Amino acid sequence: MQLQLQLFLLYSLSFFLSASAGCGKPPVLFVFGDSNSDTGGAAAAGIGFPIGFPHGRTFFHRPSCRVSDGRLLIDLLCQSLNTSLLVPYLDALSGTSFTNGANFAVVGSSTLPKNVAFSLYIQVTQFRRFKDRTLQLLTAGARNLINDEGFRDALYLIDIGQNDLEASFSRNLTYAHVLKKIPAFISEIENAVKVSLAFLRLF
């Protein structure tokens, strides 16, 4: 299942890359997930998650707030699109106006339970607040922010679920019991997509 998900993600990204190449608008990306995509959300959230060396040593040559010794898939995607690396939504000190999107992923996140920080449900709720506030500021005269069209045309990436599986196995559940839990994890991802589509009025 993990391999199928990765192949689907790569196919989707290749489609987005080819589409972006033929369009003059700068790319906008929004990311939801866990450590696979976290570019600093855990550090910015103030949850005390230590991310020091050897993380970041091979590319950034310093701790990069990523649980990786180099770049993540989302970093490589941003670079291939010639856009800035995505800034975590919670990073108040970045000075960014999030013109190329935002990263809601946080290390350790899962799909369930849905009302804990920083579950997929909470990340989607943060995104909805981010979009509402951005459009309010634009209406009030702010500039250099993502407009409604930018939100509709953006690429949305969700990479989550591994912590749900790990938590299930750590409770010493049998393989059969873990398999029975997987549909609930997938259902949360489906709900996140449906909520986002409805919120963006994409049908």
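How accessible is Lys 25, and is this residue buried, exposed or partly exposed? Lys 25 has a relative accessibility of 44%, so it counts as partly exposed, given that buried means under 20% relative accessible area, exposed over 50%, and partly exposed in between, computed with a 1.4 Å probe on protein chains only. This is a predicted model, in which local features need pLDDT of at least 70 and side-chain atom pairs count only at pLDDT 80 or more, whereas totals for chains, interfaces and linings use all residues. Residues are numbered from 1 along each chain as its sequence is written, and side-chain values use heavy atoms, with hydrogens and water left out.

The structure holds 5 salt bridges, a salt bridge being a side-chain nitrogen of Lys or Arg within 4 Å of a carboxyl oxygen of Asp or Glu. In one of them, Lys 25 meets Glu 149 at 3.3 Å, N to O. Lys 25 sits in the loop between helix H1 (2-21) and strand E1 (29-33), while Glu 149 belongs to helix H5 (residues 148-153), so that this pair links distant parts of the chain, 124 residues apart; helices (H or I, at least four residues) and strands (E, at least two) are DSSP runs, numbered from the N terminus. Glu 149 is partly exposed, at 37% relative accessible area.

Helix H5 also contains Asp 148, which forms a salt bridge with Lys 131, the closest N and O atoms being 3.4 Å apart. Because Lys 131 lies in helix H4 (residues 120-139), the pair ties together parts that are 17 residues apart in sequence. Lys 131 is buried at 3%, whereas Asp 148 is partly exposed at 28%. Salt bridges with shared partners join Lys 25, Glu 149 and Asp 153 into one network.
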